[in-house]
Amino acid sequence: MNKKTFEGIPCLIIIFLIFGYLGHVMGVANMMNTIMKTAFDLLINTCFFLMAICVITGALGKIFSKFGVVALFEKILRPLMKPLFNLPGTASLGAVLTFLSDNPAIITLAHDKKFARFFRKYQLISLTNFGTAFGMGLLVIVFMVGQGYTTAPFVGLFGAFCGCIVSTRLMQRFTCKAYPEFKEEMAVEVWTEEQQAAAKNPETKSLFMRILDAILDGGKAGVEIGMAIIPGVLVISTTVMILTFGADKATGEFTGAAYQGVELLPWLADKCSVVFEWLFGFNDPHQIAFPITALGAVGAALGLVPNFAEQGWINDNAIAVFTAIGMCWSGYLSTHTAMLDSLGYRQLTSKAIGAHTVGGIVAGIVAHWVWVGICLL
C-alpha cells in the first residue's frame, strides 16, 4: 500500500464522520438541500456582489494609479504607514478602498504593477491581512449606528485598527521566517523597457482615452479576481454557516432551507464562556455567535444584531466588540484562501489565517477594555 492510498483511508473516515454527524442531526435530505441552497445563495448574493465590488474598485484603483494618486499617497502617508504597519504609504489606498467596499479590493490593487512596485514581497503578501481588517468597515459602522448605537461602533473602529497592526505585522514576520529572501526581494522585480518609459513619460493619448483605458483595464482585472474568490467563499462559508446556525426558528425543525445548521460552534464556545466574558465582556452565551459568523461573512453576522437587540442579549460593550471583530475579521476564512491564491502564494494561507485570527481577537479585547475605560470616566 503506497502513501497516497494510505492517506485515502483517514480522509474517507473524516468525511464520513462529518457528513454522518450532520446527516444524523439534520436528516440526510435536509442536509444536502441546506448545503446546496446555502452555496447557491452565497454564489448569487455574495460572490457576484463581491465580483461587482472588484470591478468597480479595480477601475477606481486603476484610475488612481494611472493619474498619480498612488504616488501622492506614498509621499504623504509614508510617515504614518511605515512605523505602524511597516508598509509603504501607498498601502493606505487599499485601506480606503476596502473600508468603502470589501476585502478583495486590496487584491485588485496588488495586481497592478504600478501599485505593487512600492512593496517588497513580504509586504505585498501581508496586504491580504491589512486590507481584510478594514473590509466592509463603512457598512458595519453605518449599520451599528442605524441600530441606535452612536459611540460604541467608533470604539470598535479603534479596536479594528489595533487588530490590523497586529495581524499585518504578524503576517510579515511569518512570511520572512518561512521565506527570508522575500524580505529583500521587490514585489515587481524588473520592469520592461516599455513599462519604464510609460512611468517616466506622460501618455500621448487624450484625457478621455486614458480614463476609458483605465476603467476598462481595471474592470477586466476585477472580473478575474471576482472569479478567483468564488471557490473559497462557497466552500468555507457554507461550512461555517452550517456549523453555526440552527434549525428553522418558527418550527424548530430542519426543512432543508438555506442557512440552517447544527449549532456546533456556539455549543463549543459556550463551554468556554468564562474566557469570552473576561476577554470581550460577553455576558450572554448567544453573543459568541457574532464573531463565529463573522469568520465566514460579516454581512451574515450583522443580520444577527436586530434579533439579539430584540431579545435583550446585547449592550454597548457587545456592539463595540462586534464592530471591532466584524471589521477586522470580515469573513476572512472565506476570502484569505482565494486572495493569496490569486497572488500566487497559496502556501502561506495557513499563516495568514493564523495571524488574522490573533489580530481579530486583539481587536475585540482592545474594544472591550477601551469601552470599560470610557465607562469608568
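**A chat about the chain**

Reader: Okay, is N86 buried or exposed?
Author: N86 has a relative accessible area of 15%, so it counts as buried. Buried means under 20% relative accessible area, exposed means over 50%, and partly exposed is in between (1.4 Å probe, protein chains only).

Reader: Before we go on, what kind of model is this?
Author: This is a predicted model, so local features need pLDDT of at least 70 and side-chain atom pairs count only at pLDDT 80 or more, while totals for chains, interfaces and linings use all residues. Residues are numbered from 1 along each chain as its sequence is written, and side-chain values use heavy atoms, with hydrogens and water left out.

Reader: Thanks! Where does N86 lie?
Author: N86 is in the loop between α3 and α4 (91–100). Helices here are DSSP runs (H or I, at least four residues), strands are runs of E of at least two, and both are numbered from the N terminus. N86 also has a phi near 55 degrees, a positive value in a residue other than glycine.

Reader: How many helices and strands does the chain have?
Author: There are 19 helices and 0 strands.

Reader: And what is the radius of gyration?
Author: The chain has 22 Å, which agrees with the value near 21 Å that a compact globule of 377 residues would have. That radius is taken over C-alpha atoms, and the globule rule is 2.2 Å times the number of residues to the power 0.38. The C-alpha atoms fill a box of roughly 65 × 65 × 40 Å along the principal axes, and 47% of the 377 residues are buried.

Reader: Switching to rings: how many aromatic pairs are there?
Author: The structure holds 13 aromatic pairs. Rings of Phe, Tyr and Trp (its six-membered ring) pair if their centres lie within 6.5 Å; planes under 30 degrees apart count as stacked, over 60 as edge-to-face and the rest as tilted. In one of them, the rings of F85 and F130 have centres 5.0 Å apart and planes at 75 degrees, so that pair is edge-to-face.

Reader: Why does that pair tie together parts that are 45 residues apart in sequence?
Author: Because F85 lies in helix α3 (residues 69–85) and F130 lies in helix α7 (residues 121–132). Both F85 and F130 are buried. Another edge-to-face pair is F308 with W313, at 5.4 Å centre to centre and 65 degrees between the planes.

Reader: Which rings form a cluster?
Author: Ring pairs link F276, F280, F282, F290 and F322 into one.

Reader: Back to α7, why is it largely enclosed?
Author: 12 of the 12 residues of α7 are buried, so the rest of the structure largely encloses this helix. Among them are Y122, L127 and F130.

Reader: What does F130 touch?
Author: Not counting residues up to four places away in sequence, F130 touches M81, F85, L87, A91, A95, C164 and T168. Contact means heavy atoms within 4.5 Å.

Reader: In the largest nonpolar core, which residues touch the most other members?
Author: Of its 81 residues, those are L127, F130 and F322. Helix α17 (residues 316–329) gives the most to this core, with 10 residues. A second, separate core of 10 residues includes L50, M51, I229 and L234. A nonpolar core is a set of buried Ala, Val, Leu, Ile, Met, Phe, Trp, Tyr and Cys residues joined through side-chain atoms within 4.5 Å.
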